[in-house]
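Let's read a model together, one feature at a time. Have the viewer open and follow along.

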Amino acid sequence: MKHRNTALSAILGLGIAAALGTAAPVQAASPTTVAPVLHTAQSAQHYASAKQEAGNKAFFDAVMKSVAKKQAAHPGLKSVTITYDASAAPSYQSQIAASAQIWNAAETNVQLQAGSSGADFSYREGDDPQGSYASTDGHGSGYIFLDHAQTQEYDSIRVTAHETGHVLGLPDDYSGPCSELMSGGGPGPSCTNRQPDAQERAQVDSLWANGFAKALAKANVSRRS
């Protein structure tokens, strides 16, 4: 496991989003051959910005739109299911499965399910100085990028579960305690909590009850027009 400056890592957090449409992830490489990733205070301030939150919001909107479109086509479905494709992140299969299990156990209004064709979002892996983040591909599809160096420095399941929280609509909160999953890397690499707290669980349930109802109504209108 590689170690970077703890204070600086705390600034960066886990859910660092790319400037949409301008930064593409570097080609995936074997985690055993990753060179140390260096961050500067200036880059930390840039990444932990309103642009990051805009990326998280765009990602959530893309996922919800995809799910609502499929739900509208099958009105008999009783529960909301989000499908994901993990084929582009082969090194993180166990972490992704564990993250899905964590969230599925925590929520009642929405569930995550592995899939491939027609998945609502995907996971990718590689090396990126921005760390791990949630983003969109510019065409309405969302993806989670898992950075090799960051998942070696921090608990890899916490990183993955944190990023998956963006799928469900949660924002970053780096100033939060370790007990809060969306505090990301704020508490430092020693924090290994992988579970969302009660407030985060309630927020997700609300989003996928009230917020999803509105998205579904829009999808139904689009189908009839």
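**Starting from helix 6**

Q: Which residues of helix 6 are buried?

A: Buried means under 20% relative accessible area, exposed over 50% and partly exposed in between, with a 1.4 Å probe and protein chains only. In helix 6 the buried residues are S156, I157, R158, V159, T160, A161, H162, E163, T164, G165, H166 and V167. That is 12 of the 12, so the rest of the structure largely encloses this helix.

Q: Before we go on, what am I looking at?

A: This is a predicted model, where local features need pLDDT of at least 70 and side-chain atom pairs count only at pLDDT 80 or more, while totals for chains, interfaces and linings use all residues. Residues are numbered from 1 along each chain as its sequence is written, and side-chain values use heavy atoms, leaving out hydrogens and water.

Q: How many helices and strands does the protein have?

A: Helices (H or I, at least four residues) and strands (E, at least two) are DSSP runs, numbered from the N terminus. Here you get seven helices and five strands, in the order α-α-α-β-α-β-β-β-β-α-α-α from the N terminus on.

Q: Which residues touch the most other members of the largest nonpolar core?

A: A nonpolar core is a set of buried Ala, Val, Leu, Ile, Met, Phe, Trp, Tyr and Cys residues joined through side-chain atoms within 4.5 Å. The largest one has 31 residues, and I82, F121, Y123 and W208 touch the most other members. Helix 3 gives the largest share, five residues.

Q: What is F121 in contact with?

A: Contact means heavy atoms within 4.5 Å. Skipping neighbours within four places in sequence, the partners of F121 include F59, V63, I82, L112, I144 and V167.

Q: How many salt bridges does the structure hold?

A: Side chains of opposite charge can pair when their charged atoms come close. The cut-off: a side-chain nitrogen of Lys or Arg within 4 Å of a carboxyl oxygen of Asp or Glu. The structure holds one: D155 with R194, closest N and O atoms 2.9 Å apart. D155 lies in the loop between helix 5 (148-153) and helix 6, and R194 in the loop between helix 6 and helix 7, so the pair ties together parts 39 residues apart in sequence.
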